[in-house]
Amino acid sequence: MAGLMILVVIFLVILVLVNLRKTEESEKSILMRIMTNYLQVITTFLSFNISFPDLLSQLFAPADKLGSTSTPFVSFDCFVKEKELSLFAPSPTFLKAFLSGILPIATFIVSVLVWTIIYFTVRKWCKDFKRNLVVTNVVILFLLHPNLTRTFFLIFQ
Amino acid sequence: MILLWSVGIPLAAFLILYKNRHNLDSPKVKRYYLMVYQGLKNDRFFWEFVNTIRKVSIMGVNVFLSRESLVYRIITLTIVLILFYRLQVKLEPYKNKENNSLERIEIVAGALTLYGGILFVHEQTRVGFLESTIFILIMGVNIYFIMYWIYCMLVTFRYTHQ
């Protein structure tokens, strides 16, 4: 789980940096966006009950890890189970939905904290605080969106 | 709240871009929102939202048709993906032709993986020869997409270092 978190953070940081580096169009960023879409689509398929052959699952394993880039953040299953917080909520699904609901706010606060620290320590990395913050959150929301939607749909299931 | 995020985020981003659709080249808009529309033709600035709808509809079909069999859902989704493919061919949203081809392969890879997956839903549908053929086809198209993506990425490195 920790390894996966690190992988996700690295992917996020690369995506943010690629987008922050230039104010002009960057082919790399466009390619990263197409790859992210692919990974997110494949990850959604993997959540269906299709028992793909092992070799195929192995090919998709990195996709499963990276494509669900937000899964470690949104997957509150363990949290809900471990803490038995379900006792305090109408159902685990609702609690999960609630946690997912406040997630974008939480990531926003974290991004503000991170950029503030960078701003006061390594000023040259953070020339335009507002832009860095907006671009970071656009990238985060772009990555989080499919998972937030999935959690939303789960309420109906 | 979560509805606000899943509908609100793309809608807000779309409205911001729609409002600025005639100023997409202005530094002010580029500075903050370039990530969402870069590489797209100016009159196709909304394409990323179509991609969002594609991803959401995959989840939507899976959840709202969950009473139907998995095979039924897969066929419905394959049809949906073919429609998105047709739309991509018709609109050719990217300025760069390579990106248009790459995205088409991405959609085809997804559709074939899903459609081929029908074979792997039930044990009894697994027929030796057919299974290997479909398996090779799914592997092939996905590896082709990944290789093509790597090739495009390498080309961008060559350009930036020249």
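How many residues does the contact take from chain B and from chain A? In this predicted model, the contact takes 47 residues from chain B and 46 residues from chain A.

**View 1. The side of chain B that touches chain A.** At least two residues of this side are supplied by each of α1 (2-19), α2 (27-37), α3, α5 and α6 (128-160) of chain B. By residue class, the side of chain B that touches chain A divides into 28 nonpolar residues, 14 polar ones and five charged ones.

**View 2. Helix α4 of chain B, end to end.** The 22 residues of this helix (residues 70-91) should span 32 Å at 1.5 Å a residue, and the distance of 31 Å between its end C-alpha atoms agrees with that expectation. Just after α4(B), Glu92(B) takes a positive phi of about 40°.

View 3. An α-helix has 3.6 residues a turn, so residues three or four places apart point the same way.

**View 4. The fold of chain A.** Chain A contains seven helices and zero strands, and 32% of its 157 residues count as buried. Among the contacts in chain A with a separation of 6 or more, 62% are accounted for by residues 24 or more positions apart.

Notes. Residues numbered from 1 in each chain as written. Chains lettered and ligands numbered in written order. Predicted model: local features only at pLDDT ≥ 70, side-chain atom pairs only at ≥ 80, totals over all residues. Helix = DSSP H or I, 4+ residues; strand = E, 2+ residues; numbered from the N terminus. Expected span 1.5 Å × (residues − 1). Contact = placed C-beta atoms within 7 Å. Nonpolar A, V, L, I, M, F, W, Y, C, P; charged D, E, K, R; others polar. Buried ≥ 20, exposed ≤ 12 C-beta atoms within 10 Å, placed from the backbone.
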